[in-house]
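Subject: Structure handover, with notes on what was found

Dear colleague,

I am passing on the structure we spoke about, and my notes come directly after it. Please read them with the structure open beside you.

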Amino acid sequence: MQTLKYILIGIFIIYAIALFILAFRRTKRFMAGGTAATQIDDEKQRSYNNYHTHSTFCDGGSSAEEIVLAAIENGMGEIGFSSHSHLDSEPSWTLSTESEKEYKKTILELKSRYKDQIKVRLGIEQDYWSKTDNLTDYEYVIGAVHSIWEEDTEWSSVDMDYANFDYAVDHYFGGDRMAAVERYFELVGDLYKRTKCDIIAHFDLITKLNEKHLKETGELFVDDEDPRYINAERRALEKLVATPVIFEINTGAMSRGYATVPYPSQRVLQYLSEHKTPVILASDSHSKETLTYAFDDVMNLVIKYNLNLVEKLP
């Protein structure tokens, strides 16, 4: 009987240890703030969708079909394409009027060809300065601001390089850096009115170069703690949350080595949480290798801020 008692105690101890290890594995990857009811089970692979994807039709490095095949291999349920809308002044990274026709045709062909394996969606990343003709051809529209001066989109770019933004500050805003920031958020806040977009791309793209600049100089390129910055950001948020848009949590700067955190900032995520504004994961992928880049990590933020996550577009 004594031997049986020890055997039963040993089995109980082993069972308790196994339960502890399982619980630890299920929770170790999540930030403080998540609850057991909302945490993702590590033992089960999560399937993601992505609707912000660039191919060789604009500035991406993979063909549309390569991307579809990679999405299937990754077990994705849906993959959406969102080539950059045409800008006369930016032929190197946007669709031309002719390539846009081929883009639409190709994506629709891929949608039909792979319909039994994945849902392919035809979308567009609609730049603020692009014409809004024929947007009804697309299943969804992502609204974006990349530059802040219509007559000079290249040299008023907010995300290309230091020199471009500095030029715009000096030549169009009289050296007032925060005036350029205010103009950026004014345009972002107007995106839905101008484009009737479904999704807001990289809300605070203007911060893209901050981490790089901080490492190089010890200073932020754009001070996102400046009161004028915060007020401009807030005005844009107030306008947009009153519309039916979805905000991206965008990992594009992470995959390209510019940042270690996604857009938008955690201050913005807190605001979106308080207003129950919908958010969606977006890799802003320019390669078949980055279709769901850092999505597991971003889910930590979704849980931490109790965000209203849209996993699939209607």
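The notes below cover aromatic rings, then one glutamate, then the backbone.

This is a predicted model, in which local features need pLDDT of at least 70 and side-chain atom pairs count only at pLDDT 80 or more, while totals for chains, interfaces and linings use all residues. Residues are numbered from 1 along each chain as its sequence is written, and side-chain values use heavy atoms, with hydrogens and water left out.

Aromatic rings

A pair of aromatic rings is described by the distance of the centres and the angle of the planes. Here rings of Phe, Tyr and Trp (its six-membered ring) pair if their centres lie within 6.5 Å, and planes under 30 degrees apart count as stacked, over 60 as edge-to-face and the rest as tilted. The count by this rule comes to 15 aromatic pairs. One of them is the edge-to-face pair of phenylalanine 185 and tyrosine 229, with 5.2 Å centre to centre and 85° between the planes. Because phenylalanine 185 lies in helix 5 (residues 177-189) and tyrosine 229 in helix 8 (residues 227-240), this pair ties together parts that are 44 residues apart in sequence; helices (H or I, at least four residues) and strands (E, at least two) are DSSP runs, numbered from the N terminus. Phenylalanine 185 is buried, with a relative accessible area of 2%, and tyrosine 229 is buried at 0%, where buried means under 20% relative accessible area, exposed over 50%, and partly exposed in between (1.4 Å probe, protein chains only).

Phenylalanine 203 and phenylalanine 247 form a tilted pair, 5.6 Å centre to centre with 55° between the planes. This pair links distant parts of the chain, with phenylalanine 203 in the loop between strand 4 (199-200) and helix 7 (210-217) and phenylalanine 247 in strand 5 (residues 246-250), 44 residues apart. Phenylalanine 203 is buried at 1% relative accessibility, and phenylalanine 247 is buried at 0%.

One aromatic cluster is formed by Trp149, Trp155, Tyr167, Tyr172 and Phe173. Charged ends also sit over rings (NZ of Lys or CZ of Arg within 6 Å of the ring centre and within 35 degrees of the ring normal): that of arginine 194 is over tyrosine 128, 4.5 Å from the ring centre, and that of lysine 208 is over tyrosine 258, 4.3 Å from the ring centre.

Glutamate 248

What surrounds glutamate 248? Glutamate 248 is in strand 5 and is buried at 2% relative accessibility. Leaving aside residues up to four places away in sequence, glutamate 248 touches (heavy atoms within 4.5 Å) residues including His52, Ile142, His202, Tyr263, Pro264 and Ile280. A polar atom of its side chain lies 3.1 Å from the backbone nitrogen of histidine 202. The C-alpha atoms of glutamate 248 and isoleucine 280 are separated by 5.0 Å, although these residues are 32 apart along the chain.

Backbone

Most residues other than glycine have a negative phi, and most peptide bonds are trans. Tyrosine 263 and proline 264 are joined by a cis peptide bond, with omega about -5°, and proline 264 lies in the loop between helix 9 (252-255) and helix 10 (266-274). Aspartate 284, in the loop between strand 6 (278-282) and helix 11 (295-304), has a positive phi near 50° and is buried at 5% relative accessible area. Alanine 294 lies in the loop between strand 6 and helix 11, has a positive phi near 60°, and is buried at 17%.

Terms used
Polar contact = N/O pair within 3.5 Å; in protein donor to acceptor, adjacent residues only side chain to side chain.
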